[in-house]
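Morning, everyone. Please look at the screen.

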Amino acid sequence: MNLPMSATLVRTAELLADQWWTTALEGLTQGAVYALLAIACTRRDRLVDTVPLAAFTLGLFTAYTTYAALGYRPGPTLAFGVSTAFALLAALVVTIAVTTATTTIRGHFLVGLGVFVLVEAATWLLRGDSAEPPLRLFRPHELFPGFDTVQLTVLLVASAALTLTLRQRIRPFVASGMLTGLAAFLYLLKVPGAAWYLTAILVGVYAVTAVLLARTPPGMITTAVALGLIQVCFETFVGSRWWLPFSLGLLVLAAAYRFLRTRFTARRQAVAVA
């Protein structure tokens, strides 16, 4: 019984030693998208807003539909050119417009949750339970082993957007929609087969977990990046089959931590007042 376990541990250690650089870069890229959506889901009163999760789903399909409308189809990838740049810009503009319009919905947490469930159910009914065929606009150029131009783009754009948001250079009423649109656009660019109703659940669970665990926006970004690293390590060494129970388990622990922290803070304040 111990031999298979030992062999598994040795294999895992070998994989980690061989792929640590690739795993780290992929985790940072994944975490950058989680961070965008985490900040988008944070209201001024630090409560969680789930409407951006619905907007994220709409953003994925909006970008995908824009590419299809411009004549791109699943199949061999082409060299990057002017037409590709135009398609990317068009998809980005339309996606942000759709997500910004969606995130104008404000209300109780249950309202946002209802919007999210409605969008997910409608997407499942209209598009089915399978992801759309991967649509690659261009072939990424590998800068060095384990890191290509798409990953670099995701990191640079996400970093710039988060920096502008934290410095309050973007108006609050458009920040949530813009960050959600960027998250959807970049995630579909990174994962061409991400136009799927379940994608928002995977990304959204980690984004909400980051919001629950951290107290400040910089803390949420750091936590989201850490969750990206954890997710990539989990998929690399365990497999993607169990990602949903794993991510939901982290979400439950984060919710419990947030509840206990809130109760402790309230009790301490009550004692201080007394």
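Phenylalanine 144 sits in strand S1. Keep in mind that this is a predicted model. With a relative accessible area of 35%, phenylalanine 144 is partly exposed, because that value falls between the cut-offs of 20% and 50%.

Which residues make the nonpolar surface patch? They are Trp20, Trp21, Leu143, Phe144, Leu152 and Leu156, and the patch covers about 590 Å². Three elements each supply at least two residues of this patch: H1, strand S1, which is 142-144, and helix H5, which is 149-166.

Now the charges. Side chains of opposite charge can pair when their charged atoms come close. How many salt bridges does a search of the whole structure find? It finds 2.

One is between glutamate 26 and lysine 190, where the closest N and O atoms are 2.6 Å apart. Glutamate 26 belongs to helix H1, residues 2-40, and lysine 190 to helix H6, residues 172-190, so this pair ties together parts that are 164 residues apart in sequence. Are the two partners buried or exposed? Glutamate 26 has 23% relative accessibility and counts as partly exposed, whereas lysine 190, at 15%, counts as buried.

The other salt bridge joins arginine 127 to glutamate 132, with 2.8 Å between the closest N and O atoms. Arginine 127 is partly exposed, its relative accessible area being 47%. Glutamate 132 has 9% relative accessibility and counts as buried, because buried means under 20%.

That is the end of my part.

Conventions: Residues are numbered from 1 along each chain as its sequence is written. This is a predicted model: local features need pLDDT of at least 70, side-chain atom pairs count only at pLDDT 80 or more; totals for chains, interfaces and linings use all residues. Side-chain values use heavy atoms; hydrogens and water are left out. A salt bridge is a side-chain nitrogen of Lys or Arg within 4 Å of a carboxyl oxygen of Asp or Glu. Helices (H or I, at least four residues) and strands (E, at least two) are DSSP runs, numbered from the N terminus. Buried means under 20% relative accessible area, exposed over 50%, partly exposed in between (1.4 Å probe, protein chains only). Patches are made of residues with over 30% relative accessible area and no salt bridge: like charges are joined within 9 Å, nonpolar side chains (Val, Leu, Ile, Met, Phe, Trp, Tyr) within 5 Å. Accessible areas come from the Shrake-Rupley method with a 1.4 Å probe; for residues, only the protein chains shown count as cover.
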